[in-house]
Structures are given as C-alpha cells and as structure tokens.
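Please examine the sequence and the structure below.

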Amino acid sequence: MKNLNPLRGRLSTFRWRTRLTLWGAAACAGLAVVAFTRLADVALKTFFDLYNYHPGLPFPWMPFVTAPVAGMAAVWLTRRFFPGGQGSGIPQVIAATHLAARGESVSGLVSLRIALGKIVVGSMALLGGFSAGREGPSVQVAASILHFAHRFLPHSRAISPADLILAGGAAGIAAAFNTPLAGIVFAVEELGKRLEAKTTGILVGTIILSGLVAIAIEGNYYHFGRMKIAQFNEIVGPVVFYGMACGLLGGVFSRLLLWPQQHPSFVLWRWRTARPVLFAGGCGLVIALIGWLGGGLSFGSGYSVTSSLISSDALSAPWHAPVTRFVATVVTYFSGIPGGIFAPCLAVGAALGASTSGILGFGADAVPITALCMAAFLAAVTQSPITAAIIVMEMIDGHEMVISLMAVTLIAKAVSGRVSPELYQQLALGFVAQQRAQTAAAKAREEEQTAALQTPPETDPQTAPAGPEETKSK
C-alpha cells in the first residue's frame with residue numbers, strides 16, 4: 001500500500017496543475033472581456049460626445065468623416081495584422097471547434113493575436129459609429145485565451161483543444177452579458193451541438209470563474225437594467241404575432257448576411273474582394289447617411305436605446321428606428337470590420353416592439369412586448385431559441401416572462417428556418433474551408449523549401465573540380 005502513495009501524489013499534482021491552468025485562463029478571459037467592455041464604452045462615449053457637440057448645426061457632418069476613416073482603418077488593420085478577426089467571431093469559434101476535434105490547425109481562427117485585434121480594432125469601429133456589438137467578438141476573445149492555455153497543461157491529452165475552445169466561447173458570452181446560464185445553453189445549442197460529461201465540468205467551471213472576475217470589476221448588474229413589468233394578460237396574440245413577424249424579418253436578415261458567401265460572383269462582392277479598404281470606406285458613408293436620416297438612433301451598438309426602452313414606461317421609439325438599425329447592421333457586417341450582431345439585433349427587436357405596440361393596440365404593455373421582440377428577433381437571426389430566451393430573461397431580470405419568451409423564440413425560429421439556413425453554422429463552413437486552404441498552402445510551402453534544401457546544386461562542368469583520371473592524364 002505504501003507504493004501507491006507516490007503515484008497518488010503525482011496524480012493529485014497532475015490534477016491540480018490542470019485545474020490551476022484552467023482557472024488562470026478563465027480569469028484572464030474574464031479580464032479580457034472586461035477590458036473590451038471598458039474600451040468599447042469609451043469609444044461609444046467619445047463618438048456620441050463628438051456627434052452631440054454641436055446639436056444646433058443643420059447638418060451633422062462629423063459621422064461622414066469618422067465612419068469612413070474608422071471603417072477603412074479597421075479593415076486595413078484586420079487584413080494586414082489580424083486576419084481571421086473580421087465579423088462577429090462566433091462562426092470562427094464554431095469552425096475552430098470542429099477543426100480542433102479532428103486534430104487540424106486552428107491558428108487562423110483563434111489566437112492571442114486575433115484576440116488583441118478583436119478588442120482594439122473592434123473598439124475602433126465603434127469609434128466611427130458602426131452598428132456593431134462587443135458580445136459576439138468576446139466569444140472569440142475568450143476562446144482564443146482558453147485555446148492558448150492548452151500548451152500550459154501538464155499533459156496535452158488532459159483536456160482536448162476543442163473542449164477548451166468551446167468552454168472559452170461560452171465563457172465569453174457569460175462574461176459579456178453577465179448571463180452564466182445563457183453561456184452554458186449557448187455552448188450546447190450553438191457552439192458545439194454536443195456536450196460530453198467531461199466537457200460539462202470544464203464548461204461550468206470556466207463560466208463561473210470568468211463571470212466572477214467580470215462581476216468583481218463591473219459589479220453584479222443587469223445588462224439592460226430591470227424591466228418594469230405591468231399586468232400582461234393578453235399574451236397569446238402578441239406572442240404568435242411577434243413570433244411570426246420577427247421570424248420573417250430575422251430570416252431575411254440572415255439571408256442578407258449570407259449573400260456574399262452564397263453569391264460571391266455578384267459584382268458588389270467582386271469589388272469588395274478587389275478593393276476591401278475602399279469598400280469599407282463606402283460602407284462608412286452609408287452608415288453616416290443612415291444615421292443622419294434616422295436621427296442618430298442607428299449609430300453604435302444600440303445599448304443606450306435598448307436600455308431606455310426597457311427601463312422606462314414611455315413609448316419612445318419612432319417608426320423608423322427598427323428600419324434604420326436593421327439596415328445599418330447589415331451594412332456594418334458587409335464592411336468586414338470586427339464587430340458582433342448580438343447587441344444590434346436586440347436593438348432591432350426592442351425598437352420594433354416599442355414602435356408597433358401602440359399601433360397594434362398593445363400600448364399599455366409596450367415594455368413586455370419590447371422584451372418579446374428582442375428575444376424573438378435574436379432567436380430568428382441565430383436560430384438558437386433557448387439561448388435567446390435565456391439571454392433576454394437574464395439581462396432584464398424578467399423571470400416572470402420565461403414561458404412567453406420561450407414560446408415567442410420557438411415560433412420565431414420555426415419561421416426563420418423556412419426563410420434562411422442557420423447563420424453561424426453556414427458562416428462557419430466558409431471559415432473551415434478558408435483555414436484548410438491556408439493550412440494546405442503553408443504545408444506546400446514547407447515541402448518546397450525542404451525539397452530545395454535537399455536537392456544538390458547543379459555544377460558547371462568547366463568549373464567542377466577534376467576527377468582522378470583527369471588529374472592523372474594531366
């Protein structure tokens with residue numbers, strides 16, 4: 001029995017080294033998400049301070065300068081220094097999870113370099129007024145940190161890289177929204193489509209630690225404040241109507257975002273491929289024009305507008321608010337900047353509910369309908385109904401509406417599925433093909449270099465050294 005003690009001690013050391021590595025990586029992921037949050041808030045505040053500096057001017061010129069410049073700079077920096085950091089970041093994490101499970105390279109999808117670029121360049125895009133969020137990019141940031149931590153494990157087989165990427169992505173959602181339950185559901189419903197018993201413990205522990213770090217710095221807050229819920233008796237009609245309406249709009253939204261991938265030969269996308277920086281500048285001009293026409297409601301992530309609609313009883317969204325936010329978010333995605341669609345989609349849903357509830361006779365219940373539309377539109381875009389319902393429920397402390405939120409998201413998902421395939425899963429297929437092409441090209445270059453080193457140099461007969469027979473004859 002004494003011989004087992006050293007073995008038991010070594011196993012205990014192995015386990016504790018694994019745990020400490022995971023805990024440290026989770027804490028770093030939480031810190032990175034908090035840093036991203038602070039930087040994004042500073043960028044948004046700076047933009048709106050400049051935008052409102054001269055409110056009396058008949059023509060707000062500032063966004064027509066900052067948006068194109070920020071867009072071109074963000075796309076140039078991304079393509080030059082942080083390739084793989086464009087867009088939301090969630091499709092990259094899904095693609096990395098699939099590739100890592102097969103033992104393939106994921107260096108072009110998750111890395112510390114990409115995480116840094118996502119934070120810095122993503123905040124730069126917000127400084128220009130683009131309709132983008134930080135929640136989706138936080139998924140890629142946290143997943144990159146957890147994947148980097150794999151090299152510090154005491155044994156490479158202690159935890160698979162795919163499980164660490166999945167856990168990091170879920171931790172990113174949990175820390176960005178302060179919604180730990182939604183992080184777990186997001187990992188099951190969207191990122192991995194699977195969950196093994198071994199992965200569960202890693203997932204929960206990572207989410208809890210990264211969330212604790214975020215709460216310790218930011219405080220235990222509700223992302224959009226607390227919703228003031230009045231008596232909401234007639235629930236079946238609004239749930240069915242808004243579930244179908246948001247499902248249709250969300251399906252169209254997803255179709256538009258998949259347009260460049262499914263029709264790359266279209267003239268607009270050929271021009272974007274040939275001149276990506278100039279194309280981003282043009283998108284910046286469109287963003288500025290939409291913001292000017294819509295009174296500035298489409299600028300930024302939409303956080304301030306959504307918070308005011310949720311936390312107040314007044315119906316304060318004009319009819320054009322969901323339209324301008326919808327179009328601005330699509331154009332922002334087309335530009336190729338690093339930025340997410342979670343917060344803008346929630347803003348579209350909030351504006352849709354607030355602007356139509358009075359017209360449809362639900363004016364007294366405008367705030368609950370706003371929450372229903374937020375969850376329904378997000379579920380229609382992502383086609384992850386349980387995740388959308390739980391995210392909205394946890395963000396607004398709306399546990400009284402859990403059944404109605406579940407119902408409206410399931411209806412929205414069913415309608416959206418008829419209009420468009422799953423957005424993130426389809427985008428992930430493109431990143432899988434891109435990563436494999438990069439890996440194959442790098443392997444071909446290595447083989448060429450190896451062959452060049454192994455091939456003896458050709459010698460000139462006139463300058464070659466004389467052989468033994470030639471020397472004897474001489």
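How many salt bridges does the structure hold? The structure holds 2, a salt bridge being a side-chain nitrogen of Lys or Arg within 4 Å of a carboxyl oxygen of Asp or Glu. This is a predicted model, in which local features need pLDDT of at least 70 and side-chain atom pairs count only at pLDDT 80 or more, while totals for chains, interfaces and linings use all residues. Residues are numbered from 1 along each chain as its sequence is written, and side-chain values use heavy atoms, without hydrogens and water.

Lys45 is exposed, at 54% relative accessible area, whereas Asp49 is partly exposed, at 41%. Here buried means under 20% relative accessible area, exposed over 50%, and partly exposed in between (1.4 Å probe, protein chains only).

Glu104 forms a salt bridge with Arg436, again with closest N and O atoms 2.9 Å apart. Because Glu104 lies in the loop between α3 (90-101) and α4 (112-127) and Arg436 in helix α18 (residues 423-454), the pair ties together parts 332 residues apart in sequence.

The largest nonpolar core has 93 residues, and Phe253, Phe342 and Val392 have the most contacts inside it. Such a core is a set of buried Ala, Val, Leu, Ile, Met, Phe, Trp, Tyr and Cys residues joined through side-chain atoms within 4.5 Å. Helix α15 (residues 366-382) supplies the largest share, 12 residues.

Definitions and conventions
Helices (H or I, at least four residues) and strands (E, at least two) are DSSP runs, numbered from the N terminus.
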